[in-house]
4 protein chains.
Amino acid sequence: MLKIGLLGCGRIGQVHGRTIKRMEDARVVAVADAMEASATAMAAELGAEVRAVDAILQASDVDAVVIATPTDTHFDLIQSAAQAGKAIFCEKPIDMSVENIRVCLAVVEAAGVPFLTGFNRRFDTNFASLRARIASGAIGGVELVTITSRDPSPPPLSYIQRSGGLFRDMMIHDFDMARFLMGEEFVRLHAFGSSLVDPAIGQAGDVDTAAVILTTSSGRICQISNSRRAAYGYDQRIEVHGSDGMLRAENQLETTVELATAQGFSRSPAQHFFLERYEAAYAAVMRAFVEAANGTAPAVPGIHDGLQAQIMADAAARSLETGVPVDLPG
Amino acid sequence: MLKIGLLGCGRIGQVHGRTIKRMEDARVVAVADAMEASATAMAAELGAEVRAVDAILQASDVDAVVIATPTDTHFDLIQSAAQAGKAIFCEKPIDMSVENIRVCLAVVEAAGVPFLTGFNRRFDTNFASLRARIASGAIGGVELVTITSRDPSPPPLSYIQRSGGLFRDMMIHDFDMARFLMGEEFVRLHAFGSSLVDPAIGQAGDVDTAAVILTTSSGRICQISNSRRAAYGYDQRIEVHGSDGMLRAENQLETTVELATAQGFSRSPAQHFFLERYEAAYAAVMRAFVEAANGTAPAVPGIHDGLQAQIMADAAARSLETGVPVDLPG
Amino acid sequence: MLKIGLLGCGRIGQVHGRTIKRMEDARVVAVADAMEASATAMAAELGAEVRAVDAILQASDVDAVVIATPTDTHFDLIQSAAQAGKAIFCEKPIDMSVENIRVCLAVVEAAGVPFLTGFNRRFDTNFASLRARIASGAIGGVELVTITSRDPSPPPLSYIQRSGGLFRDMMIHDFDMARFLMGEEFVRLHAFGSSLVDPAIGQAGDVDTAAVILTTSSGRICQISNSRRAAYGYDQRIEVHGSDGMLRAENQLETTVELATAQGFSRSPAQHFFLERYEAAYAAVMRAFVEAANGTAPAVPGIHDGLQAQIMADAAARSLETGVPVDLPG
Amino acid sequence: MLKIGLLGCGRIGQVHGRTIKRMEDARVVAVADAMEASATAMAAELGAEVRAVDAILQASDVDAVVIATPTDTHFDLIQSAAQAGKAIFCEKPIDMSVENIRVCLAVVEAAGVPFLTGFNRRFDTNFASLRARIASGAIGGVELVTITSRDPSPPPLSYIQRSGGLFRDMMIHDFDMARFLMGEEFVRLHAFGSSLVDPAIGQAGDVDTAAVILTTSSGRICQISNSRRAAYGYDQRIEVHGSDGMLRAENQLETTVELATAQGFSRSPAQHFFLERYEAAYAAVMRAFVEAANGTAPAVPGIHDGLQAQIMADAAARSLETGVPVDLPG
């Protein structure tokens, strides 16, 4: 039985807590949150205790921590947890600063603790199946990856302002997915973006519509596009073109019902947003963490993967600013 | 160069005439129609002469005839054409009376002329492909065939009144398709029907919504359903379930465009009606006739197939009337 | 907090037990099973006690029972539970004998306890959405319902032998669905069936491939077809044709991934069988029961619905035997 | 009756000649080709005369010319034809040199003759419908256009070598489509490309896999990707994301047949290549030319559209070479 400390009881912390509650071989023994009411409610629901963060990090009855607190707290928490020998699950982004992530990486590696970065989309049934089929050779060599990601509607402006920008907040998932599927690191990146959805987003210094092209040293290409708006629901599609064929993962719709009228054949909208669309992926990534913490499976995606995605997000922001492509470090 | 006499220059006669005009190895040399203006216009368009029907049947420069006249003229035309040694293409239904068709069959067989019944759907790309894949063993043994056929809207009541009823006018195509796909004759049939689309159709003694179940001696089952109404266009679908899988042919839509909005994902309506949906099939069935007339391919579907479909339509009408299943002659 | 006694800890009993475990307002307090090991394991998992069936039925700390025992025990359990004033959830079929169900119905009505029949498919997201859209008038008046249900592979012969036959074991779900969607009772039924999948099923007196046509007094038609075999997974589709359009619910596939190669475009098989396909429906039907037991929602489908479906299954068996249609009681 | 001179009787010249043969209000009166046998055969098929190119350009019985000769002859032919007052249809690309096209444009405008550039894809039913729905406001303002174009297999190396390169030979269609759909001129372009399909293509100085990003001054974005290889047939898809929704045009498959087996649900490959896929579009673009020549419809896409696409292709080649974005002339 893996004993887990849950740091952060907000929306995502609750998702992780409930996932662990359904497991036979893990349980949350302690929770912490800056909001006392949140911590208390979560503790009651999970049959856990409310404790201070430091107490959890030092507790001898805690084997692993799930870090679901605001991003700016990750830096300290990761180091303390690693030094205390806890297995670590950390929500993305690990930190807004690539330098900070490098520091964490060094500490984690020195401590030798399992570390899993919360790129839950790798565990989505569709995307995982897509990658497994690439690996099995179903489409030969990968040549062109196209990733489409659109939110149903933009977040509040207050969120945008502290998000680090679209590339670090939203496209970072797609950067990780691009690496996951391409099987070769990218060497160059060019980003394009504009504010078409809401001028206030542009005034806040961010973009709401963006496209990035990535290339590898062997000449493979990845196209990513993002929008903060999609009338038809959360749009999450991937297409991989290879020498012997193509694989694509379509959206999950709300139902399989189709209506036929004089206007044509109409199916349901896409599942609304990430909590619905990636419900199973959230459960699967936590399952992977429990296994990594138990030492029965490798900790992938690791802190290195979180670092690479952040490097790419930084590069995209710089490319957008300068209007020219940016080389990625080898 | 096959020289063809076109008997009947109405809607379907025009389709056949234009198909032949595009061929390199066949041409319409003479046309006839009860409406002189129709014959004259068709002759001009095809570069053919207007002649009397009898003159065409006896002409030495006519190798083959395409019979696209009203059903009640088929009986005499077929016999005369066969006795004159012409290859014969005849639109379905061959005749409203099974006895008359048997008479024609005897005359045609005695004359030894090629005879092709205009069941054009056998030549539809989708259905022909479906059958070829059954024949190649893609789904193992056929167990259950489901045929759905719905017109976009009912024909005028005047047409209904002289049509012979839904089973002989509309479902007859599906009876032929059922035989085409099942690969085993049916031994029993039960028909159900009602007038849900327009009470006037019921008052005229016909039905506008119907379902039939057919069985073979080995226990295979076919379900056919028809409606004289479909808001979303001409609905023409087939599904064949076998021991190793299922094959289905879906509708052809007007375009491949899909619109995604808050209401969901919407595609185009089905192609409106038979002239659009079966445009290529009309060309293919006439191609098959030219080859049969030239002796380079067998004449299939033949007059026997037209007879079997009419027997099934009669049986369906009787089953509907009596409320019990009807045995089909062996 | 609704306190529930779980009678039967087999496959379906476990599904229901685990569903209740995730609820905030209900819990299983006691379980019973003829196999002591099953009862003990389930009790441990749910934090419940193992008790004798009679003890559960009489317990003052049990508000409701979930009956998931073999069918032949339902008759006694329902009556005892009703007389003890418990709310009752009973798996389908309620009983193999229509007469027995009538007895239960009388007892349940006399006792005035909520009774929910486990027709979980009514709670499937797709089918529930389909019905809601019919009710909203999306396709006008319903004219023709087509239900396709195919198992991935036949059950063991031993199961077939005690199942009551395909109509009572498998098609009973479709009979309930037909009533759910048509919105008008059926007055006549004709059943066709054969043994194409496995001759041993035929030798056991059952069929493995079947089609039924049902009609209402206003002339509406329903086609149901069943097969005990489908190479491509559990095939569960419904189509409803109406005066203004058509609604159809397609299969749920394992993933949304499509592979394109020289052979064409290939998607995943359908979800394998009922535990995967109806996972959410099982949760939803139990949710409906808890609400019915609490008196906050009507108990639908009720015992009357279970009775009607059984009457239809009996009629189908009789129709198949006699080869003629059977009138259904008004 | 529009009298047309057909210049060039190769593959595309034949397509245009046969299209005109089916028209009631236009006919080919004269044909020319550098290969005498080609000209003679085409003349016989169309009932036209073989004449010298100059004779056709000066003939008083020729109202319009269709230029389907090799690209390097277009420059002279266009000028001569314009000066002779003929309406002009010219296959793309108009010329490999933007300067030459500007010269032609000046001559054509001075002569005041109708000129239609053979961007047939604008006339494809799907893409034309897609654009009409954008124009009708179905998706609000256009924000992001994604165009995917993949050939089934690369052309012979000899063709590659004289083709002007992928951007001028293949992606030029997509540049025109991007302008057609975006409704705003592009101001900047960045091209990426590699040789992944065949190293010989790279050695010939060309790419076989490419992606381009285009932006407008208002910040709208277009992504185009091309590959010279697609195992599953000719891949021609377009997606347009707007403020109120998304429109996408999918591939046309060979049939509507779907096979379901243990491996899943499999549909036909895409139509093989451009002659099948754009058969109807070739007929429609020639119809548009006849109407433009008759003065009953505007000549769109005109020579200006051909010029713009060539400017974009040149810019793409330059961007690929330099590795940085290129500004497009206003």
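**Figure 1. The two domains of chain A in the predicted model.** In this predicted model, the domain assignment divides chain A into domain 1, covering 2–113, and domain 2, made up of 122–282 + 308–327. The C-alpha centres of domain 1 of chain A and domain 2 of chain A are 28 Å apart, and contact between them involves 13 residues of domain 1 and 12 residues of domain 2. Together domain 1 and domain 2 of chain A bury about 990 Å², with 69% of this area on carbon and sulfur atoms. On the side of domain 1 of chain A, the residues A:Lys92, A:Met96 and A:Val98 provide 48% of the area buried against domain 2 of chain A, more than any other three residues. Between domain 1 of chain A and domain 2 of chain A, zero salt bridges are counted.

**Figure 2. An aromatic pair within chain A and the residues around it.** Over all chains, the count of aromatic pairs comes to 24. One of them joins A:Phe127 and A:Tyr278 in a tilted arrangement, with 6.4 Å from centre to centre and 55° between the planes. Because A:Phe127 belongs to helix H6 (residues 125–135) of chain A, while A:Tyr278 is found in the loop between helix H11 (274–277) and helix H12 (279–293) of chain A, the pair ties together parts that lie 151 residues apart in sequence. Both A:Phe127 and A:Tyr278 are buried, and they belong to one aromatic cluster that also holds A:Tyr234, A:Phe273 and A:Phe274. Over the ring of A:Phe127 sits the charged end of A:Arg277, at 5.3 Å from the ring centre; in chain D, the charged end of D:Arg277 sits over the ring of D:Phe127, at 5.4 Å from the centre of that ring.

**Figure 3. An aromatic pair between chain C and chain D.** The ring centres of C:Tyr232 and D:Phe265 are 5.6 Å apart and the ring planes stand at 70°, so this pair is edge-to-face. The pair crosses between chains, with C:Tyr232 placed in the loop between strand E10 (221–227) and strand E11 (235–242) of chain C, and D:Phe265 placed in strand E14 (residues 264–267) of chain D. Both C:Tyr232 and D:Phe265 are buried.

**Figure 4. The interface of chain A and chain D.** Contact between these two chains takes in 42 residues from chain A and 42 residues from chain D, and the area that chain A and chain D bury between them is about 3,200 Å², 57% of it on carbon and sulfur atoms. Eight salt bridges are counted between chain A and chain D, and A:Arg237 forms a salt bridge with D:Glu239, in which the closest N and O atoms are 2.8 Å apart.

**Figure 5. The interface of chain A and chain C.** Here 26 residues from chain A and 26 residues from chain C take part in the contact, and about 2,100 Å² is buried between chain A and chain C, carbon and sulfur atoms giving 51% of it. Within chain A, the residues that lose the most area to chain C are A:Arg248, A:Thr256 and A:Val257, which together account for 27% of what that side buries. Two salt bridges are found across the interface of chain A and chain C, and the side chains of A:Arg248 and C:Glu258 meet in a salt bridge of 2.9 Å, N to O.

**Figure 6. The surroundings of C:Thr261.** This residue lies in strand E13 (residues 257–261) of chain C. With a relative accessible area of 13%, C:Thr261 is buried, because that value is under 20%. Leaving aside neighbours within four places in sequence, C:Thr261 is in contact with A:Ala138 and A:Asp244 of chain A, and with D:Ala231 and D:Tyr232 of chain D.

Note on methods:
Residues numbered from 1 in each chain as written. Chains lettered and ligands numbered in written order. Predicted model: local features only at pLDDT ≥ 70, side-chain atom pairs only at ≥ 80, totals over all residues. Heavy atoms only, no water. Phe/Tyr/Trp six-rings, centres within 6.5 Å; stacked < 30°, edge-to-face > 60°. Helix = DSSP H or I, 4+ residues; strand = E, 2+ residues; numbered from the N terminus. Buried < 20%, exposed > 50% of the residue type's maximum accessible area, 1.4 Å probe, protein only. Lys NZ or Arg CZ within 6 Å of the ring centre and 35° of its normal. Domains from an automatic or database assignment. Contact = heavy atoms within 4.5 Å. Buried area = accessible area lost by both parts, 1.4 Å probe. Salt bridge = Lys/Arg side-chain N within 4 Å of Asp/Glu carboxyl O.
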